[in-house]
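Here are some notes to be read alongside the model, set down point by point. Please keep the coordinates open while going through them.

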Amino acid sequence: MAGTSDPETGSTRSWRFDDFVLDTGRYELRRDGEVIRVEPQVFDVLTQLIRHHDRFVSKEELFDSVWGGRFVGEAALTSRIKAARRALGDDGESQRYIRTVRGRGYQFVGTITPPPAEPQVKMPAPEVEPPPRQHIAFCRAADGVRLAYAVTGDGPPLVRAANWMTHLGYDIESPVWSHWVRDLSRNHTLIRYDERGCGLSDWDAGEFSFEDWVADLESVVEALGLERFSLLGVSQGGAVAVAYAARHPERVSRLVLCGAYARGRAVRAVGEEEQRAAALDLDLARVGWGRDDPAFRQVFAAQFQPDGSRADWAAFDQLQRRTTSPDNAVQFLEVFARIDVRDTAREVRCPTLIMHSRDDHRVPLRFGEELAGLIADSRLIALASNNHLLTAAEPAWQVFCDELGTFLAG
């Protein structure tokens with residue numbers, strides 16, 4: 001036997017080779033008992049190679065098992081192989097553990113030995129925390145468009161400016177947003193709303209603009225009778241939050257921005273290549289948003305959550321289809337691209353915390369740094385993540401929650 005087995009499923013749960021143990025039960029790679037930190041997809045690639053160490057594993061098989069057959073470039077697999085080799089101290093030239101089968105795939109060539117028997121302890125199933133109870137209501141914007149908003153939790157009010165791809169009725173259970181709702185509702189009364197054209201708000205809202213989004217936030221605040229509150233802006237919702245905070249300094253006590261930017265893709269595009277990349281967003285939405293084939297939408301998933309699991313990507317795909325129409329998706333992207341709140345950001349006077357993933361693939365860190373340079377009383381924290389939207393499982397999420405809680409406690 002080349003590893004320990006799960007007594008319930010009979011499948012091999014862990015493998016030992018030299019000083020290493022790959023433990024799929026605990027989702028850990030250990031060396032001499034010390035855990036080696038690797039990204040989820042790196043762990044999954046290594047698991048597939050070791051599980052099938054008696055043969056080479058083709059690239060197509062790895063794409064299917066690790067990425068679920070999703071559209072990813074070969075560079076993604078190459079980078080995960082390199083990361084796996086680094087974790088094992090394999091320089092890639094000696095190919096001590098992972099051998100490249102040129103043009104075909106890879107094979108694990110380390111010597112696997114049975115680990116000592118471990119006592120089987122049946123662990124109780126972890127308790128699944130139920131989602132917080134929420135109250136959904138509706139109000140009207142100044143132009144008559146119906147807006148849906150939701151209230152969860154208890155404590156000082158925290159308003160989240162609306163951002164793309166939300167659905168109040170679905171987010172509370174969706175892996176994309178459920179941890180945001182759950183954790184931000186622990187110590188605050190969290191107020192969320194779906195922007196026009198999205199979620200439970202009116203989809204048939206005609207043409208809309210950035211100014212409409214700021215006015216919609218004003219409408220929700222007025223409907224709830226809020227006098228003073230903390231304001232959170234995520235992604236393009238950050239620009240809406242910046243504009244509102246600048247216009248209503250008497251209302252906003254503290255401002256938190258995550259993955260935010262002052263300039264949209266079309267405004268910040270420098271050179272022909274960046275302009276083509278900005279235009280590609282629109283083409284992908286026009287062609288693929290309403291199709292049953294998820295390949296086009298998965299390009300967005302790969303940008304928003306490049307280190308997400310297969311379940312994360314599937315949830316993101318469902319989120320895209322449920323939250324808005326193809327026509328509205330194109331209009332959202334067109335408005336996003338033209339956002340420019342640089343002058344407005346200079347007018348923000350409240351304490352501001354800016355958090356941004358260090359290797360954000362959708363909005364690079366330098367645009368978070370730009371915001372920090374524009375807002376006088378601000379502090380920037382670079383999170384150890386590649387994701388534009390933080391997932392529940394990554395360590396950066398807990399850092400985000402801790403820093404937000406400390407900042408809002410003042």
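This is a predicted model: local features need pLDDT of at least 70, side-chain atom pairs count only at pLDDT 80 or more; totals for chains, interfaces and linings use all residues.

1. Residues are numbered from 1 along each chain as its sequence is written, and side-chain values use heavy atoms, with hydrogens and water left out.

2. The chain has 15 helices and 17 strands, these being DSSP runs numbered from the N terminus (helices are H or I with at least four residues, strands E with at least two). Of its 410 residues, 52% count as buried, where buried means under 20% relative accessible area, exposed over 50% and partly exposed in between, with a 1.4 Å probe and protein chains only.

3. An open sheet of eight strands has the order 10-11-13-12-14-15-16-17 with mixed pairing, two strands being paired if DSSP finds at least two bridges between them. Its edge strands, each pairing on one side only, are strand 10 (134-140) and strand 17 (378-383). From one strand to the next the twist averages 20 degrees. Strand 10 and strand 11 run antiparallel and are joined by seven bridges, with Ile 136 having Ala 150 in strand 11 as its bridge partner.

4. Strand 11 (residues 146-152) runs antiparallel to strand 13 and is joined to it by four bridges, Thr 152 standing opposite Leu 190. Strand 12 (residues 157-161) pairs with strand 13 in the parallel sense over three bridges, and here Val 159 has Ile 191 as its bridge partner.

5. Helix 6 lies across strands 10, 11, 12, 13 and 14 (229-234), at about 55 degrees to strand 11; axes are lines fitted to C-alpha atoms, for helices over the stretch in contact (heavy atoms within 4.5 Å), and angles run from 0 to 180 degrees between N-to-C directions. Its buried residues include Phe 210, Trp 213 and Leu 217, and the helix is followed by Gly 225, with a positive phi near 70 degrees.

6. The largest nonpolar core holds 115 residues, among which Phe 210, Leu 231 and Phe 400 touch the most other members. Helix 7 (residues 237-247) gives the largest share of this core, eight residues. Such a core is a set of buried Ala, Val, Leu, Ile, Met, Phe, Trp, Tyr and Cys residues joined through side-chain atoms within 4.5 Å.

7. Asp 32, in the loop between strand 4 (28-31) and strand 5 (34-36), has a positive phi of about 50 degrees although it is not a glycine, and at 60% relative accessibility it counts as exposed. Met 165, in the loop between strand 12 and helix 4 (168-171), likewise has a positive phi, of about 60 degrees, without being a glycine, but at 1% relative accessibility Met 165 counts as buried.
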